[in-house]
Amino acid sequence: SPYGPTQSVAPVSNRRQEKRAEAAAKVAAAKEKKKADRKRRIAEAAARNAAGAKEQKSLKVVVIFDMAGQRMYYHMHHVMMTEERTFYVVCISLAEPPDAPLSGEDVNSEMSCIENFHYWLGTIHAQAPHAPIAIVATKSDLVSDAVRTERMAEIERSLVGRPYLSQIVGGVIVASSTEPNDPGIKRIKDLVQANLISPPTICDR
């Protein structure tokens with residue numbers, strides 16, 4: 001041109017197209033990121049819900065009945081004794097000789113400690129012949145080792161041949177609530193958990 005070189009329009013047009021393409025690519029990338037983030041959040045929420053449901057499913061509710069020991073209530077005990085998903089704990093004190101007569105309000109019953117112990121086991125067997133039973137010898141801290149061994153042996157001998165012997169789980173457990181971290185207390189907890197959460201012997205009819 002007689003007026004000097006002219007500027008080409010094509011490069012300007014190409015730059016605009018490139019900018020538009022870059023902008024469109026950024027928008028598309030943002031949309032994909034947003035979509036991916038949404039999917040991730042949904043997956044995380046689903047995982048949390050599944051974990052929560054699993055944890056909720058693993059939780060078990062244990063209802064504890066402490067039977068009234070007064071004899072005036074004995075005729076009502078069978079109302080609360082069931083077999084399905086029930087675990088019984090029967091306690092006998094080592095502080096008294098097994099053949100000692102009952103004292104206190106039971107002094108007129110003409111029963112010994114060991115006879116009263118078997119009365120409870122027999123009552124459970126009559127109402128729930130397949131339910132597991134844990135036997136706990138309490139107050140072991142109140143007697144010497146020799147006395148404890150002797151009384152434990154007498155209790156164990158008294159169980160031989162009884163119809164409810166097969167219901168007893170864990171043998172006779174010696175426990176003392178006054179001892180910190182008492183192994184007997186832990187054993188009772190383990191038995192309850194094993195027989196109620198994953199019951200190998202409980203009837204489920």
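The following legends describe close-up views of a predicted model.

**Figure 1. The open sheet has three strands in parallel pairing.** The strand order is β1-β2-β3. Strands β1 (88-93) and β3 (168-174) form the edges, each pairing on one side only. From one strand to the next, the twist averages 15°. Between β2 (residues 133-138) and β3, the parallel pairing extends over four bridges. Within this pairing, Ile133 has Ile168 of β3 as its bridge partner. In general terms, strands of a sheet pair through backbone hydrogen bonds, in either a parallel or an antiparallel sense.

**Figure 2. Helices α3 and α4 are shown against the sheet.** Helix α3, comprising residues 113-127, lies across β1 and β2. The direction of α3 is at about 175° to β1. Helix α4, comprising residues 145-159, packs on the sheet and touches β1, β2 and β3. The angle between the directions of α4 and β3 is about 160°.

**Figure 3. Tyr119 and Trp120 form the one aromatic pair of the structure.** The ring centres of Tyr119 and Trp120 are 5.9 Å apart. Their planes stand at 75°, and the pair is therefore edge-to-face, given that the class requires an angle over 60 degrees. Tyr119 is partly exposed, at 28% relative accessibility, whereas Trp120 is buried, with a relative accessible area of 15%; the limit for a buried residue is under 20%.

**Figure 4. The largest nonpolar core contains 23 residues.** Phe117, Leu121 and Leu159 touch the most other members of this core. Each of β1, α3, β2, α4 and β3 supplies at least two of its residues. Helix α3 contributes five residues, the largest share. Leaving aside residues up to four places away in sequence, Leu159 touches Phe117, His118, Leu121, Ile135, Tyr164, Leu165, Ile168 and Val172. Another core, of eight residues, lies apart from the largest one and includes Phe87, Ala175, Ile188 and Leu191. In soluble globular proteins, nonpolar side chains tend to be buried together.

Figure 5. Lys33 is exposed, having a relative accessible area of 53%.

**Figure 6. Arg40 and Glu44 meet in a salt bridge.** The N to O distance between their side chains is 3.3 Å. Glu44 and Arg40 lie four residues apart in helix α1, so about one helical turn separates them. Both residues are partly exposed: Glu44 has 37% relative accessibility, and Arg40 has a relative accessible area of 41%.

Figure 7. Lys186 is exposed, with a relative accessible area of 52%, while Asp190 is partly exposed, at 35%. Elsewhere, salt bridges with shared partners join Lys33, Asp37, Arg40 and Glu44 into one network. Across the whole structure, a search finds six salt bridges.

Terms used: Residues numbered from 1 in each chain as written. Predicted model: local features only at pLDDT ≥ 70, side-chain atom pairs only at ≥ 80, totals over all residues. Heavy atoms only, no water. Pairing = 2+ DSSP bridges. Axes fitted to C-alpha atoms, helices over the stretch in contact; angles between N-to-C directions. Contact = heavy atoms within 4.5 Å. Phe/Tyr/Trp six-rings, centres within 6.5 Å; stacked < 30°, edge-to-face > 60°. Buried < 20%, exposed > 50% of the residue type's maximum accessible area, 1.4 Å probe, protein only. Core = buried A, V, L, I, M, F, W, Y, C linked by side-chain atoms within 4.5 Å. Salt bridge = Lys/Arg side-chain N within 4 Å of Asp/Glu carboxyl O.
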